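Please go through the structure below.

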Amino acid sequence: MKIRRIACGAFATGLVAVLSAACGSESEGAGKDALDPGALDASGEGDGGPGSGNVDGGPGGSCGGTVTSSHKLVPINLAVMFDTSKSLVQDPDGDNTQTRWEPVKRAMKAFFADAQTAGMNASLHYFPIVDRGESRCVPAMYAEPVIARTALPSASFAASIDQRVPLGGSPMEPAMRGAVDAADRLAKARPGEKAVAVLVTDGGPNDCNSTYTSVLNVISKARAASPSISTVVVAVGPEAGNLNRLAEVGGTQKAIVVSPADPAKAAQDLRARVASLQGIPASCSLALSATEGRTVDRNAVTVTFTPGAGQPAALAYNPTCAGNTGWRFSDAAGPATVALCTASCNTLVGDTKASVSASFVCLPP
């Protein structure tokens, strides 16, 4: 007997459980193959589970329902440390204004004004602090923002950036200590939110005993701390190789490079990178909760994947996870838990607007 499909549209952001859902994760091999939504026949129905049943309850009565797992977005707070050292406008090779300073200004102004940054917040910090003698090397000086935590998008950042004149050296180590301290304060003050340090620079740490190694150590310790502070790096100029290493240690893959020919792309890339840190991935494991001592009918379970762009499709039951696609039961007996196979799980986690649901009924009492 065919399992009748339940219509599944786009699910609300967050983890939704009509009955209950347990959010664990399970690895079952390697690979990132394309998601196999399961075989559908000409009528649009598939076999959907290990056997047959009626998702409306049938002899199982009212025990049953649908459990859904989707991505959850949390507010994110950025402590942006913006390099305004003299190398951004001039070095021994000539004028860098059009290749470094103007492009990075345009990129960051575009990011702060981007309507799609709604839900993000940022504070703005600059380095170096000039005309302060040795106090320019004190991390606490850099932890204090020029613009305090502000909801994005906002025009106040562009006005501040336009007023800056690049001067001085590059005390990147105390500056980054200040940035991660500022992010740490935000993380501890807002435990339900995410805090991230953002370094915007052309590289070349050279003041206050700063070196790439010392900056890397600051970023590495911040990442390993609790709460963990990731670091995003926005790079302009020829130092992208060294700056990539800082981003890698900061947990954000590689630096976002500002091209003089297309600063707007860097703004878009930065927004996407921050958004990728903002989400709590959907769980690939869904617990099916029976009531009143009843037992889930394992022959009447339907699992449906809904991509961020596209139509819902039934995932095929795959008890051995051969090929790493589809789903299986992660437990042989007792309360039933649906687990996506590795490639299907990777597809769910990689699509921040996707969701997966499992519909079930119970065996007769």
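Which residues lie nearest the centre of the second largest pocket?

## The second largest pocket

This is a predicted model. Tyr126, Pro128, Ile129, Val130 and Arg164 lie nearest the centre of the second largest pocket. The lining has 14 residues. Nine of the lining residues are nonpolar, two are polar and three are charged.

The second largest pocket holds about 280 Å³ of space. Strand S7 (120-127) and helix H2 (139-143) each give at least two residues to its lining.

## Overall make-up

The protein has eight helices and 18 strands. It has 365 residues, and 49% of them are buried. Take the contacts between residues at least 6 apart in sequence: 78% of these join residues at least 24 apart.

## Nonpolar cores

In soluble globular proteins, nonpolar side chains tend to be buried together. Here the largest nonpolar core has 33 residues. Leu78, Val80, Phe82, Met108, Phe111, Phe112 and Leu124 have the most contacts inside this core. Two or more core residues come from each of S4, helix H1 (97-113), S7, helix H3 (156-162), strand S9 (194-201), strand S10 (230-235) and H7. H1 gives the largest share, six residues.

Beyond residues up to four places away in sequence, Val80 touches Met108, Phe112, Ala122, Ser123, Leu124, His125, Val198 and Val200. A second core is separate and has 30 residues, including Leu216, Ile219, Val233 and Ala255.

Is Asn77 buried or exposed? Asn77 is buried, because its relative accessible area is 1% and the cut-off for buried is under 20%. Asn77 lies in strand S4 (residues 76-83). Its side chain makes a polar contact with the side chain of Asn121, at 3.3 Å. Leaving aside neighbours within four places in sequence, the contacts of Asn77 are Asn121, Arg149, Leu186, Arg190, Glu193, Lys194, Ala195 and Val196.

Arg271 sits in helix H7 (residues 263-278). Arg271 also counts as buried, because its relative accessibility is 17%. Not counting residues up to four places away in sequence, Arg271 touches Phe111, Asp114, Gln116, Thr117 and Met120. Among these, Phe111 is one of the residues with the most contacts inside the largest nonpolar core.

## Backbone features

Most residues other than glycine have a negative phi, and most peptide bonds are trans. Where are the cis bonds listed here? Pro153 is in the loop between strand S8 (147-151) and H3. Another cis peptide bond joins Ser226 and Pro227, with omega about 0 degrees. Pro227 is in the loop between helix H5 (212-224) and S10.

Gln253 is not a glycine, yet has a positive phi of about 75 degrees. Gln253 is in the loop between helix H6 (240-249) and strand S11 (256-257). Gln253 is exposed, because its relative accessible area is 63% and the cut-off for exposed is over 50%. Asn324 is not a glycine either, and has a positive phi of about 70 degrees. Asn324 is in the loop between strand S15 (313-314) and strand S16 (327-329). Asn324 counts as buried, because its relative accessibility is 13%.

Conventions. Residues numbered from 1 in each chain as written. Predicted model: local features only at pLDDT ≥ 70, side-chain atom pairs only at ≥ 80, totals over all residues. Heavy atoms only, no water. Helix = DSSP H or I, 4+ residues; strand = E, 2+ residues; numbered from the N terminus. Buried < 20%, exposed > 50% of the residue type's maximum accessible area, 1.4 Å probe, protein only. Polar contact = N/O pair within 3.5 Å; in protein donor to acceptor, adjacent residues only side chain to side chain. Contact = heavy atoms within 4.5 Å. 1 Å grid on protein atoms, 1.4 Å probe; cavity = no way out; pocket = protein on both sides within 12 Å on 5 of 7 lines; lining within 4 Å. Points joined across faces, edges and corners; volume = space filled by probe spheres on them. Nonpolar A, V, L, I, M, F, W, Y, C, P; charged D, E, K, R; others polar. Core = buried A, V, L, I, M, F, W, Y, C linked by side-chain atoms within 4.5 Å.
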